[in-house]
Structures are given as structure tokens and as C-alpha cells.
Amino acid sequence: MAETMLELDKVNTFYGKAHILHDLSFKVAPGEVVALLGRNGAGKTTTMRTIMQLARPRAGSVQFEGADITRLATHKVAQAGIGYVPEERRIFGDLTVMENLEVGRQPVRDGLPAWTVEHLFELFPNLAERAGNRGKQMSGGEQQMLTIARTLMGNPKLLLLDEPSEGIAPVIVEQMAQTLLEIKAKGLTVLLSEQNLHFARIVADRAIIIEGGSAVFDSTFEDLESHPEIRDQYLSV
Amino acid sequence: MSFYFAQFLTGLSSASSLFLVACGLSLIFGVTRVVNFAHGSFYMLGAYVAYSLVQVVPGSILGFWGSVLAAALIVALVGVLVEMLILKRIYNAPELYQLVATFGVVLLMQDAILLIFGGEDQFGPRAPGLDGVVRIFGEPIPEYDLLLIALGPIVLGVMWLLLNRTRWGILVRAATLDREMVAALGVNQSWLFTTVFFLGSFLAGLGGALQVPRVSINLLMDLSIIAEAFVVVVIGGMGSIPGAFIAALLIGELNAFGVLVLPQATIVLAFVVMAVVLVIRPYGLLGKAETLAHSAGQVELPIRPASTLAKSVAGLLLAGLVVMPFLAGEFAIVLATDVLIFALFAASLHFIMSNGGMVSFGHAAYFGLGAYGAAFVIKYAGGSMELALLAAPLMAAAGALVFGWFCVRLSGVYMAMLTLAAAQIVWSTAFQWQDLTGGDDGLLGIWPSEWAKSKTAYYYLALVLCGGGILAMRRMIFSPFGYTLRGGRDNPNRTESIGINLRHHQWAAFIVAGMFAGIAGGVYVFSKGSIFPDEAAIPRSVDALVMVLLGGVQTLSGPVVGAGVFRLLEDEISRLDYWRAILGAIIIAIVVIAPEGIAGFIKKIAIKAGFERNEEQSS
């Protein structure tokens, strides 16, 4: 059994009365890039929010590096080394690019390369040109890059990316895939949710399909390809 | 010419003082979303502490400024204490709860200051080294005023540097925009909020301490400054510090010159300016559209018709109210009349709040308008009580028609602030238009007609009018009008997109609520025989909010229960010394411990015991 970085064990999350996650369990190993697949409303975003403790699970636990992080305050989850890039990007619109990065800054963690503004500008050259601009003046693609860069400023061990390719021009999506591969090469563990199967395949090692708040498939992409009926059942629109 | 210049400088120096207070208030609101009524109390505390320190330290320059700074620091620590002990527990509650809790702090602080510093007005010494005057164009200008004039821009500059050039400032600005995201990036919001409260309270304390050489220090400073500071913050745009600076200049000069043109209407002027600014720029001069900080997870349960059990309880209550005069003494009858009046008043506020999602911080305006409307009929038209009781709802509805037109154009905190402004206009008119209203002396000798003179007869009259009013509003809640309002409350866009003119419905609801508050005011004036401006003042508006909260915002029977409990409680404790502090402590305790209110609490127990339907299981 390989080492585990993140483990969800029978997690049940509700929004008010709506039961979103039903006994959701899965694991992510260090250095892995895992894609959460599933239709709209399957529970991908809620999974991310539950890991961050932005949504509190009513039952089950979330373990990070062997420690129970269920019910921890959100900022403590982030400080433990989980970086979160939300679906809606949530750039601080009135803050400049540099200031947005500053909000994300956290101390360096041992065993990982420290991200500096210079590194991030190399990774996202567009941001360097717009360092003094305000967040709300940027295009959707640039905002997506900024939100990833902002999260990397916290030097996370595990990166949660919620639908990074959503609403972005195809050419930028290709660029984003390259960037993610570079991030992966630096040793970061990534859990991303995606609807774009093509994009997920390029960057991820493993696929987990969520349907109705439970994991219904957890294996390699090759495995997924050899079972087209699974893809048809859970992923096709 | 030189006189006007001197007047201009006076305006600038009061603008500086106002800015110090408003700046802290705006900062606290921007980051924590708390509308902090207690900010004025911090200001008052700063003045009292500085006054006391100046008395004991030697009258040197160092001693004076040391006292001012020490006072501001002490106030900052008190602010932190309030934040950690009370507000920290209710950050996720709706804004209304926080506002009411901070009003509890206002009451507590009034009595604490009375206890510690005594109740007399105090006059501080002049500032050593700055006790002279400078002649500018031949007009004597106090040196101290010149210092204050310089201080405003200095504080603005320091705040700008803090917010733009430090990590703390960047985090504060980020938290103003999206608190949740800031936490997800690993920032401890709790710590951030506490530091913001420290700084905000420090500025309020400093503002108060600097008043010691200028004005008399008294126990009314808190509410008078908070009303002005709210105006400044709202005009400037809530959360915007430069906006607060511009607005403080505007209001400072408006006061300085307004007093020359319209000496009777100085207080009104500021609120009129605020109303005009908000209509032109709904988020203030430099403000931005409200980001919905509480968007997640506040689903309101549907309002259901009363269950058989609830109907029987209500029937029993009504029967009890009808036979009550035969069993109880005169004192109890008078008290019960009071409870009926306030139940209608609270129900009218509840009508727009729970149904329409419109929070009014100034509902006393319509209570006061109704009361004055009735009093005018008796005093000036020689009319009868019957005619006066007809005039009360008309006058209140007319007021609600005018103010409501402005208010329904806004939403959330801005709307609440505009309702507060409207109430302050009514209050200050009643207070300053002596010829008409008698000012602070009030209008006296307004008694019921012969047939209703006995306490028992008047009680039955109140029961019919107030009980009828409550039932009428209940009927409206279950009419299509009520459904439309609740639709608008839950989702304004969807409601409008199915072809409903939501603003008109909200306006109508505002007028209906004002009208019923006016009936309560009319019945009130004849039960007391007199009317004073206090009936339209901030504490009266807060009373209504507390009654609604006490009963439970989401419970239809809430306002009736809340009014009953509140009135009986007030009657019990108002005989004690320091009753304000006791009331304040009770208010805080309710908000922190039982946010669903008494009726909500009973309902929860009834559901648990199986008497009522459980919404969670039924869906």
C-alpha cells in the first residue's frame, strides 16, 4: 500500500437539508495528480469545499498527512499545506496582481521548492506584464492564472483545482495543461475536478468519477477507456 | 467675508473629529460587516477617560497628549474585549443580530460610564500650549481647531499607508472583498477582525478624547455622534475611508453653514443630504455594490398557516385577553394596553422584515408620525379621539409613502441605513420644530373621548385596534401579496423576471407597515396623554427590532410574544438602578444564546415533542 497524502473516509456533507456527499471515500498519494470527474451537480465542488472545511461534513473524516483535519478552521487547513483554487476564481478585484499574490503568501514548507513571485512570473508570463493592474481588469484566463499563482504563494503540498479549464479559451487551456505539468514536475500533489476529459487526461494520472455524491469509479485513464459504458453512463451529457 | 472663512475653518475642524469616528466605523463595517452601534459609545468612553486622566496628570503638554493617547488605547482594548466576548460568536448571524447586540453594548456602556464617571456634564481644560487663538483675516481662530484641521488629513494619510503599504492592510482589503477566500488562503480571520476592532475603536476613542478641550462631555454623546457617523459612512460609501473623509468634510461644512441659514434644521439637513446622495449613488460616493457575505446556506423555512394546536393556543390567549380586565387590577390593565400597542408596532416591523426581507432600523418614525398625527388633530384641529385615531395611520402612511419611495430603491444595509436616516429626520423635526411639536417639552393633555376614558374601556379599544391590525397583517401574509413579497425576499431577480414589479410591492408593504405602526402610535398617545420626540428616536426603533428578535424573526407569532416579554421585562427592570445595563445584558444574551427567539425556541421544542410538523423531515 502506497503512502497516502489525502484520505476521505465516508464523508457526508449537506447544504441545509440537501444531502450532497454520500459516504464519499477516496485517497490521493503524494506526487499524484488525480482528476475528479463527473457531471454538473455530482458533488465535485462540494468535495473540494469539504476538504477545505468551507463546508462541514456531518459524518466521516478527512485526513491529511495522517492528521484528522475534519472540523479544523479553514485557515488551519490552508496552513497545513492544502492550497485551494476555487471554481469561480474569486480574485480580489480591487487589489493589484502583486497584492493578490501577497494575500496568498505563506511560509516555506520543508521538502518543497519555495515559490517566489519571480518563479510564478516565469510560470505565468502574462501576470508579470500586468503586475500593477487590478484583478478586475484582467481577462478570465489571466484571472485563472492569477488564482493559481496566488494559491502557489502559500507553498502548498496539495493543490486543489476546481474546474481550471472552465470558461477559458481553448488555446489558454493548452497552455494551462503545460503549466500544470510543470507544477507536477516540481513534486506537487494535485487534485483537480474537471468536465473536460481531454484536459484531465493530459495532466492526471488517475480518474475518480463522482455521481450523486459517491465515488463510482476509481482507476487509471486506460481503464476508463477500456470501459466506454462507464464513460457513457456517468460522463456523457 | 472673513466671518465666512472662520466659519469654514470651524466646519473643517468638526469634519476632522467626525472623520476620526467615521473612519473607524467604516473600517469595522468594511471588514467584519458589523454595523457597530457601540462605536459612539467608544467615542464617549474616550472622552470620559481622557477627561479623567487630564484631571490627575499635571497640566503639561506631555501630560495632556499622554492622556489623550492613553484614553484611545484603553478604548481600543475595550473594543477588543467587546469583539472577542460578544461579536466573535455572532459573525455568521444576520446583520440585524449584530446590530442589536451592539445596541446592547450601547446600553451597557451608558450605565458603566454613569457608574464610573458620574452623570454630570463635564468641561475639560484647554489643551496646554494650544489654548490661544490665531487671528486669520481678523477673526479669532482657536489654535486647537487648527490642530484638528491638520489631524484629519494626517489620519487619512496614515490609514492609506497602513491599508496600501503593509501586509496587514492588504489582508484587510482582501477580507473586505471576500472573507471566505482569505481564510482559504490560510489567513486567520479571527485575528484579523480583532486587529481591525482594535484600530477602529482606537480611532473612536481618539476622536472622543480630542473633544475634551472643545465641548462638554455628557452621557448623550454616544447616540448623537453615532447618528452623524452613520451618515458620514453611508454618504462616503460603507467601507471606504477616503469616502468617509469627503463625506465628513461635506457634513462638517454643511453643519457650519447650515446653522447660519436654517438654525432649526441642522440635524435634518444632514439626513436630507444623505437621502439625496443615496438616491443618486445607491452605494455612497465612493462605495461599491454590496458583496453578499452571507450568501451561503441561509434558507428560510416556508411560512405555514397555524396548526390546530397553535390556533387553539391563540384562541385561548384571545379569550384570556377578553376576560383579563375582570380579573386583574388597573395597573395590569394599563400594562396590558401597552403590550397590545407594542405587539402591533413589532408586528408591523416584522411584516416587512420577515416577509419582505427589508430590515428597517428606523421603524419608530411611523410610530412617532402616527402619534404626532393624532396629537395634532386634538391640539390644532380641535378634533375628537375618533378622528385622531383615523389621522394617525394616514399621517404614518403618508410618511412611509415618501420615505419608502427612497428606501425600496436600496437593499441590505444601505436600505436599513436610509430607514434610520428617515427616522432621524422625523425625530429631529419633532425635536427642533418647537412651534408645532413643543420640541422636547412634547404635547400634553391628549386624552381619549368620554366613553373610552376608563382604563378598561381604553384597553378594549386597544385590543380591537391592535388585535385587528395584527390579524389583518397575518391575513396579508397568506395572500398573493404576501407570497410575492416572500418571493422577492428569496430571489428578487426571479421574481421580477416573471413579470412582477417587485419595487412597487415592496413600496406597498412599506406603506402598510408604516400605517399599522401609525395605528400603534395613535393608540399609544391616548394611553399616555402626551407625546415626546423620544417616541421617534433610535432607542424606540431598536425596541421594535429587539421585540421582533426576542420573539423570533421567522415565527409569525414572534412579534406578539416578543412584545409581551419585552414590555413586561422592561416594566420589571426599569424600576431598578442601572436598568439599561441589565436590559443591554439581556439583549446580548438573547442574541448570543437563543438567536431563534422565544417563539422560535418554543416551536423547536414543540417539534421535538411531536406537536408540530418538522420541516426537515417533511421535505
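## Basis

This is a predicted model, in which local features need pLDDT of at least 70 and side-chain atom pairs count only at pLDDT 80 or more, while totals for chains, interfaces and linings use all residues. Residues are numbered from 1 along each chain as its sequence is written, chains are lettered from A and ligands numbered from 1 in the order in which they are written, and side-chain values use heavy atoms, with hydrogens and water left out.

## Contact between chains A and B

Chain B brings 22 residues and chain A 25 residues to the contact (heavy atoms within 4.5 Å). About 2100 Å² is buried between them, 59% of it from carbon and sulfur atoms; this is the accessible area (1.4 Å probe) lost on putting the two parts together, summed over both.

Five salt bridges are counted between chain B and chain A (a side-chain nitrogen of Lys or Arg within 4 Å of a carboxyl oxygen of Asp or Glu). Asp178(B) and Arg90(A) meet through their side chains in a salt bridge at 2.8 Å, N to O.

## Largest cavity

The largest has a volume of about 60 Å³, taken as the space filled by probe spheres set on the points, which are joined across faces, edges and corners.

Residues lining the largest cavity (an atom within 4 Å of a point) include Tyr84(A), Arg109(A), Ala184(B) and Leu185(B).

Key:
1 Å grid on protein atoms, 1.4 Å probe; cavity = no way out; pocket = protein on both sides within 12 Å on 5 of 7 lines; lining within 4 Å.
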